Amino acid sequence: MDFVLFLYHFTLFLWCMNSAMLAAPSEAVPLLAKPNCQSRCGDVEIPYPFGIGAGCYIDDWFQITCFNSTKPFLNIINLEVLEISVKGTLNVANPITFSSNCNTNKPNLQAANLEGSPFVFSQKNIFTAMGCGIMATITSDSNGSTISAGCRPECDNFSTNEKKNGVHFCQTPIPWFLSAFNTSFQVHDDHRTKDSLCTYAFLVDNSWFKWLANNSTNNFSTISHMEHVPVMLEWSLYHSTIDVFGAVVEVNPIAVYSASSFYCRSFNGSSSVYKSSSRLECYCNWGYEGNPYLLQGCQDKNECEIGNHCPADSVCKNHAGYYECHSPHSKSWVKVLLIGTGSGVGLLFLLIGAWWLHKVINMKLKEKLIKQNGGLFLELQYLSSGEEDNDFENIEDMKMSNF
């Protein structure tokens, strides 16, 4: 019995040590770039598969040049990068195209050509034209077919087009999987007022445009003095897991296990640049954050510090990949049973093993005593049962049945 008690207390000690380590805030900083690679250029984080310097990016399309140590550029396309997300998007500075009759010294730029690259213009962008009386159109000859879209901001104050801070503008969605287009203008109103002669158009991140339109501290007309606006691109990987991780990683798992910090899925697709016909996407598992394209890139996030859904009368305890809520008055042994998957199950099995070992030891000791002491042990056992009607014949029968 002392041995079982020792195992019980030893198990509780292991659980307390384990809980203390899991509950402590994680000091590990989620990895973004590959080891020994620059992870930031100015204020922009550069996560792998993008990278700065040889061996830090997956291929040349994802190479970043850090200009003057402050401004990152996509090296091949030469677009300034404003933000990169490991969830498959990046924001770049997209040029504004001005009509030919605008009195400006700005160059008449067109949007970048993304054909043949792993990038496309996101549907979260919207084509916008500002001014009035001129039709602004985008035309694309991608994939062997001509696609066009456009809109015309009207000059009168009663039109269905929108007006903000005295600026007329119109907007239209863009086609799917748009990778290249040209912007052009056609005059539709010869009675335009003098202050509306200049019309300009651009593709822009819709969320940024709405923020600007709703921000009273900014004058909407300031866009006419800008050369670029933010636009969102979507990026894809047509690579194997060996290319990405340097090791084979299972894709399309049947279930997402909490023991794993990340998982990957493959999708049917096609690319004129890459030989592989499958597109790879990786994600940090629930309860983790960081870069899922690095083997150790997803780290546990402490839900107890960043917000949880525990009731007011309970205590939040963080674990690797999840958190739990429990009453502050609960007993230690109850916590062991409720700790969930992972190490808690192992400790529970340890307790069961200790109980089973206790039963086996007792059985072995009893067999040994019977062999050594024969009927004396059985007689003492029978007498200690508390029965008053014991007789000698029953004891002798018990002795004989053990030989």
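Me: Which handedness does the link of Cys-284 and Cys-298 have?
Reply: In this predicted model, the link of Cys-284 and Cys-298 is left-handed, with -85° about the S-S bond.

Me: Is Cys-298 buried or exposed?
Reply: Cys-298 is buried, because its relative accessible area is 5% and buried means under 20%.

Me: How many disulfides are there?
Reply: The count comes to eight disulfides. One of them joins Cys-151 and Cys-170, with sulfur atoms 2.1 Å apart. Cys-151 sits in strand β11 and Cys-170 in strand β13, 19 residues apart. This link of Cys-151 and Cys-170 is right-handed, at 80° about the S-S bond, and both Cys-151 and Cys-170 are buried.

Me: What about Cys-304 and Cys-316?
Reply: Cys-304 and Cys-316 form a disulfide with sulfur atoms 2.0 Å apart. Cys-304 is in helix α4 and Cys-316 in strand β21, so the link connects parts that are twelve residues apart in sequence. Cys-304 counts as partly exposed, at 26% relative accessibility, and Cys-316 counts as partly exposed at 23%.

Me: Changing topic, which peptide bond is cis?
Reply: The bond from Tyr-48 to Pro-49 is cis, with omega near 20°. Pro-49 lies in the loop between β2 and β3.

Me: And what is the phi of Phe-177?
Reply: Phe-177 has a positive phi of about 55°, although it is not a glycine. Most residues other than glycine have a negative phi. Phe-177 is in the loop between β13 and β14.

Definitions and conventions. Residues are numbered from 1 along each chain as its sequence is written. This is a predicted model: local features need pLDDT of at least 70, side-chain atom pairs count only at pLDDT 80 or more; totals for chains, interfaces and linings use all residues. Side-chain values use heavy atoms; hydrogens and water are left out. Helices (H or I, at least four residues) and strands (E, at least two) are DSSP runs, numbered from the N terminus. A disulfide is a pair of cysteine sulfur atoms within 2.5 Å. Buried means under 20% relative accessible area, exposed over 50%, partly exposed in between (1.4 Å probe, protein chains only).
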